[in-house]
Amino acid sequence: MTILVLALFTLGTEGQVLAKDTSKTIDDASPQEVVDGMANKLARGVANITTGWLELPKQIYITCKEEGYAKGLTVGPLKGLGMSLVRTAAGVGETVTFVVAYPGFYDPFFDPSYVWQKE
């Protein structure tokens, strides 16, 4: 629970760090920016591991809304299962490699960064 609260707390600061300079590299970053990037990547990874399963109902809802209930109830669960696996795997990848400034300067593996963000 503490990790989830920490992940939610870092959401506000992540956008500010990424919005400042998207072309930043590890060579021209201050030590504080590097530590912030690592912390954000770790929190994002842990959040995606713990909330990856939420892609299932999210994809069902989105598919129902965009393509109708018939497709939403048949294709939606398949999309949700696939995205749950992808988001959880990305979370594991970000958690394991949080000290590495890849991709970019501690950028997320894919967008949206979190399951609750709009696509």
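E55 lies in helix α3 and R87 in helix α5, so the pair ties together parts that are 32 residues apart in sequence. By salt bridge I mean a side-chain nitrogen of Lys or Arg within 4 Å of a carboxyl oxygen of Asp or Glu. Helices are DSSP runs of H or I, at least four residues, numbered from the N terminus.

A word on the source. This is a predicted model, where local features need pLDDT of at least 70 and side-chain atom pairs count only at pLDDT 80 or more, while totals for chains, interfaces and linings use all residues. Residues are numbered from 1 along each chain as its sequence is written, and side-chain values use heavy atoms, with hydrogens and water left out.

Back to that pair. Are they buried or exposed? E55 is buried, at 0% relative accessibility. R87 is buried too, at 1%. Buried means under 20% relative accessible area, exposed over 50%, and partly exposed in between, with a 1.4 Å probe and protein chains only.

The structure holds three salt bridges. Another joins R44 and E94, at 3.0 Å from N to O. R44 sits in helix α2 and E94 in helix α5, so this pair ties together parts 50 residues apart in sequence. Both R44 and E94 are buried. Then there is E67 with K71, at 3.3 Å. Here E67 is partly exposed, at 40%, and K71 is partly exposed, at 41%.

Now α5 itself. Its buried residues include G80, S84, R87 and E94. The buried residues of α5 pack against α2, α3 and α4, where contact means heavy atoms within 4.5 Å.

A cavity is a set of points on a 1 Å grid over the protein atoms alone, where a 1.4 Å probe fits but cannot get out; lining residues have an atom within 4 Å of a point. Grid points are joined across faces, edges and corners, and a volume is the space filled by probe spheres set on the points. There are two cavities of 30 Å³ or more. Which residues line the second largest cavity? Among them are R44, R87, E94 and F109. The largest share of that lining, three residues, comes from α5.

How values were computed:
On a 1 Å grid over the protein atoms alone, a cavity is a set of points where a 1.4 Å probe fits but cannot get out, and a pocket is an open set with protein on both sides within 12 Å along at least five of seven lines; lining residues have an atom within 4 Å of a point. Helices (H or I, at least four residues) and strands (E, at least two) are DSSP runs, numbered from the N terminus.
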